[in-house]
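Try each one yourself before you read the solution.

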Amino acid sequence: QVQLVESGGGVVQAGDSLTLSCTASETSVNSYGKGWFRHAPGKEREFVATITASGRDTHYADSVRGRFTISRDDAKNTLFLQMNTLKPEDTAVYFCAVGTYSTVAKNYRYWGQGTQVTVSS
């Protein structure tokens with residue numbers, strides 16, 4: 001069973017940056033597209049970003065485009081989410097997912113446990 005472990009979350013101020021990491025327990029995940037989602041209190045889970053297996057193509061939610069960057073380092077079995085110019089509305093639990101290149105959560109096969117990001121104003 002593939003395990004995904006996220007790290008890098010924390011409490012920051014508006015305008016700050018954070019980089020989230022998601023490391024997989026197996027190299028087999030490198031054959032798949034990957035993504036990031038987030039879940040804020042009182043809201044539904046929201047797509048953030050996705051990247052193809054090759055890493056050549058990416059897609060972002062409108063709310064984060066231009067501020068967030070998704071990338072992958074398959075040599076380290078790790079997916080990244082660089083988050084710049086953070087806003088209070090970015091506060092959420094962030095989840096990495098593996099399995100496809102998609103904006104739809106149900107299309108992904110494996111999920112991490114989540115890491116909390118809190119942005120204060």
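A residue counts as buried when its relative accessible area is under 20%, and as exposed when that is over 50%. Keep in mind that the model is predicted.

**Exercise 1.** Decide whether G33 is buried or exposed, and work out where G33 sits in the chain.

*Solution.* Start with the location: G33 belongs to the loop between β3 (18-24) and β4 (34-39). Next, take its relative accessibility, which is 7%. That value is under the 20% cut-off, so G33 counts as buried.

**Exercise 2.** Find the residues in contact with G33, leaving aside neighbours within four places in sequence.

*Solution.* Go along the sequence. You pick up I51, T52 and A53, then R72, and finally V98, G99, T100 and Y101. Now try G66: it lies 33 residues from G33 in sequence, and their C-alpha atoms are 21 Å apart.

**Exercise 3.** Describe the secondary structure of the chain.

*Solution.* Count the elements: there are 11 strands and 0 helices. Reading along the sequence then gives β-β-β-β-β-β-β-β-β-β-β.

**Exercise 4.** Check the radius of gyration of the chain against that of a compact globule.

*Solution.* First, the expectation: for 121 residues, a compact globule would come out near 14 Å. The chain has 13 Å, so the two agree. Then look at burial, where 44% of the 121 residues count as buried. Last, the contacts: among those between residues at least 6 apart in sequence, 57% join residues at least 24 apart.

Methods. Residues are numbered from 1 along each chain as its sequence is written. This is a predicted model: local features need pLDDT of at least 70, side-chain atom pairs count only at pLDDT 80 or more; totals for chains, interfaces and linings use all residues. Side-chain values use heavy atoms; hydrogens and water are left out. Helices (H or I, at least four residues) and strands (E, at least two) are DSSP runs, numbered from the N terminus. The radius of gyration is taken over C-alpha atoms; the globule rule is 2.2 Å times the number of residues to the power 0.38. Buried means under 20% relative accessible area, exposed over 50%, partly exposed in between (1.4 Å probe, protein chains only). Contact means heavy atoms within 4.5 Å.
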